[in-house]
Amino acid sequence: MINHKNIILIGFMGCGKSTVGYELAKKLNFNFIDADAAIEAIAGENIHQIFSERGESAFRKLETDYLKQLCEQNIAGNILATGGGMALSEENQKYMKQLGVVVWLDAKFDLIWQRVKSAKHRPLVTNTEEAKVNLQTLYKSRVDVYAQACDLKVEIDRLTLDEIILGIIESIRYAKES
Ligand code: S3P
């Protein structure tokens, strides 16, 4: 029995928010929302286009507007997989807490890099040594923010997908109700 309106997954790129969110939604009979995909649909452009044509700050505004809209709609019964930067602003953190229990999926940077280095859909990632260093700096700069934004953390490095899902279901029972 889940006593939370919604479950919000936060964390760095490559930590499995979308994959875990999709499977978790199936398991709980919740609806799955991928925030990046929803924002792309609203904007009528993919994230690369939004970043290159309008700039990162415009993307961040779309993220905040989207979260605000979900709060206004008072949605329930959803797993929301956020983009890796969505939990960074205090305003977004406030909206997320309003929506439900916030779960941080974290992994060691080496695993993250292995997963994201070849992906073409992330404007903040290119497969070069320089990009790796920059991304690691970005990861380190965000860790404290994710810690502050979440209600609980799951370290995914050595867990299977099933174990991650069971871990989330079990641990949210102990998180304050939203
Ligand atoms: C971003 C992460 C991406 C996407 C955008 C920016 C970030 O989402 O929102 O490219 O700032 O970390 P994923 O975490 O799903 O890759």
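Helices here are DSSP runs of at least four residues, numbered from the N terminus. The structure is a predicted model. Within this model, helix H7 spans residues 129-149, and Glu 129 is found in it. Glu 129 has a relative accessible area of 59%. Exposed means over 50%, so Glu 129 counts as exposed. Glu 129 was also compared in position with Ala 43. The two are 86 residues apart in sequence. In space, their C-alpha atoms are 32 Å apart.

The ligand site was examined next. The ligand sits in the largest pocket. Around the ligand there are 13 residues. Lys 17, Asp 36, Arg 60, Arg 122 and Arg 142 come nearest. By class, the shell around the ligand divides into five charged, five nonpolar and three polar residues.

In the side chain of Lys 17, an N or O atom is 2.7 Å from a ligand oxygen. For Arg 60, a polar side-chain atom lies 2.7 Å from an oxygen atom of the ligand. For Asp 36, the distance from a polar side-chain atom to a ligand oxygen is 2.8 Å. Taken alone, the ligand exposes 380 Å². The protein buries 95% of that area.

Definitions and conventions
Residues are numbered from 1 along each chain as its sequence is written. This is a predicted model: local features need pLDDT of at least 70, side-chain atom pairs count only at pLDDT 80 or more; totals for chains, interfaces and linings use all residues. Side-chain values use heavy atoms; hydrogens and water are left out. A residue is near a molecule or strand if one of its heavy atoms lies within 4 Å of it. A polar contact is a pair of N or O atoms within 3.5 Å; within protein, one must be able to donate a hydrogen and the other to accept it, and residues adjacent in sequence count only if both atoms are side-chain atoms. Accessible areas come from the Shrake-Rupley method with a 1.4 Å probe; for residues, only the protein chains shown count as cover. On a 1 Å grid over the protein atoms alone, a cavity is a set of points where a 1.4 Å probe fits but cannot get out, and a pocket is an open set with protein on both sides within 12 Å along at least five of seven lines; lining residues have an atom within 4 Å of a point. A molecule sits in a cavity or pocket if more than half of its atoms lie within 2 Å of its grid points. Ala, Val, Leu, Ile, Met, Phe, Trp, Tyr, Cys and Pro count as nonpolar, Asp, Glu, Lys and Arg as charged, and the others, Gly among them, as polar. Helices (H or I, at least four residues) and strands (E, at least two) are DSSP runs, numbered from the N terminus. Buried means under 20% relative accessible area, exposed over 50%, partly exposed in between (1.4 Å probe, protein chains only).
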